[in-house]
Amino acid sequence: MQISVLDDYHDTVRTLSCFRKLDGHDVAVWNDHVQDTDALAERLKDTEALVLIRERTQIRAPLLERLPRLKLISQRSVYPHIDIDACTGLGIVVSSNQHPGTPSYATAELTWGLILAAYRQIPRQMASLKAGRWQIGVGSTLRNKTLGIFGFGRIGAAVAAYGKAFGMNVVVWARPQSMVRAKAEGYLVAPSKAAFFERCDVLTLHMRLVDATKNIVTADDLRRMKPTALIVNTSRAPLIERGALVDALRAGRPGMAAVDVYDEEPVRDTAHPLLNMDNVICTPHLGYVTRDEYEIQFADIFDQILAYAGGNPTNVVNPDVLKSEMRRTA
């Protein structure tokens, strides 16, 4: 098959052990980021299987309609960037493993790194030292502080365990069934969403972005937070109402933020407000970006391609396309 891999910024995919799964296929790997429809249509005109790295590129109908050879899109995790209805109408299978089982420890570890960096002012202290100055402030200790886990899935549970190991008081707010599980695992459950935001010293978001979770954190929620509190988002930016976090930080509640995700990515604008606040730590969507995590993710992605090539597509998120294919071949 003619396979294209988009947005492999550091040319990592070819160096993975699992890349050997594609031996015998014609694979093109693109290291830059392109969103222009004309450019993508030219680049992908011969592509039969398209590999996406999370939501880095939007795949919409105007592009899909210009890719007559495209048969499969293979990726991992959620797919708000893909026009699923257009894929189905055009007979394109979308395979996306939702990775049941183990959490993304890479994302959980980055979350904890951001918490430590914010509470101990590590980036600012480093910048001060490099500028020829010494200490510029006094940090805070995590022990005995309250860690709030908003969304108690696999990653949220891993971060909760880190908090417990650091001597923090962990409290959870999540879907009812998740709160039952959190309570069974020995964690406190907040009596209400409002109380949760009011109580937490550190509050970290761990939810998938779906219709039910978009804008789940409102401006009112943020206003309830302590002026000394830290909010961390390594999940998805639209979990928070657009513009609400910047406004809240300017108003002083919460007092700090650590952010790995943004409404539009990649962020190229150095004037972005979050990049210019002393009380915010920003990283460029690094949550899942480790070699270990890439091996796990791309093994799944490449297995989906092999399954399709073998006539047995897996993890299909638009199964109606298979019914249409069966009718055409019957």
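This is a predicted model: local features need pLDDT of at least 70, side-chain atom pairs count only at pLDDT 80 or more; totals for chains, interfaces and linings use all residues.
Residues are numbered from 1 along each chain as its sequence is written, and side-chain values rest on heavy atoms, with hydrogens and water left out. Helices (H or I, at least four residues) and strands (E, at least two) are DSSP runs numbered from the N terminus.

An open sheet of seven strands was found in the order β8-β7-β6-β9-β10-β11-β12, with parallel pairing, where two strands count as paired if DSSP finds at least two bridges between them. The edges of this sheet are formed by β8 (188–189) and β12 (280–282), each of which has a single partner strand, so one side of each is left without a neighbour in the sheet. Strand β7 (residues 169–173) pairs with β8 in the parallel sense over two bridges, and V172 has V189 of β8 as its bridge partner.

Helix α7 (residues 176–184) has S178, M179 and A182 as its buried residues, buried being defined as under 20% relative accessible area, exposed as over 50%, and partly exposed as in between, with a 1.4 Å probe and protein chains only. These residues cover an arc of only 100° around the axis, which puts them on the same side of α7; the arc is that of the directions from the helix axis to the C-beta atoms. The cover over the buried residues of α7 includes β7 and β8, while the face turned away from the buried side carries the exposed residues P176, Q177, V180, K183 and A184. Just after α7, G186 adopts a positive phi of about 95°.

At another part of the sheet, helix α10 (residues 244–251) lies across β10 (230–233), β11 (256–259) and β12, and runs at about 150° to β11; axes are lines fitted to C-alpha atoms, for helices over the stretch in contact, and angles run from 0 to 180 degrees between N-to-C directions. I231, which lies in strand β10, is buried at 2% relative accessibility. Not counting residues up to four places away in sequence, I231 touches L203, L222, M225, I240, L245, P254, M256, A257 and A258, contact being defined as heavy atoms within 4.5 Å.

Strand β5 (residues 93–97) is mostly covered, with five of its five residues buried. In a regular strand the side chains alternate between the two faces of the sheet. In β5, V93, S95 and N97 point one way and V94 and S96 the other way, all of them buried. Five bridges join β4 to β5, and the two strands run parallel; S74 has S95 as its bridge partner in β5. S77, in the loop between β4 (72–76) and α3 (84–89), is buried with a relative accessible area of 5%, and its contacts, leaving aside neighbours within four places in sequence, are R54, S96, N97, Q98 and H99.

R54 also lies over the face of Y288, at 4.5 Å from the ring centre, and R56 lies over the face of Y9 at 4.0 Å; a charge sits over a ring if NZ of Lys or CZ of Arg is within 6 Å of the ring centre and within 35 degrees of the ring normal. Y288 belongs to a cluster in which ring pairs link F19, Y288, Y294, F298 and F302. Rings of Phe, Tyr and Trp (its six-membered ring) pair if their centres lie within 6.5 Å, and planes under 30 degrees apart count as stacked, over 60 as edge-to-face and the rest as tilted. By this rule the count comes to 10 aromatic pairs. The rings of F196 and F197, with centres 5.7 Å apart and planes at 85°, form an edge-to-face pair, and both F196, at 1%, and F197, at 0%, are buried.
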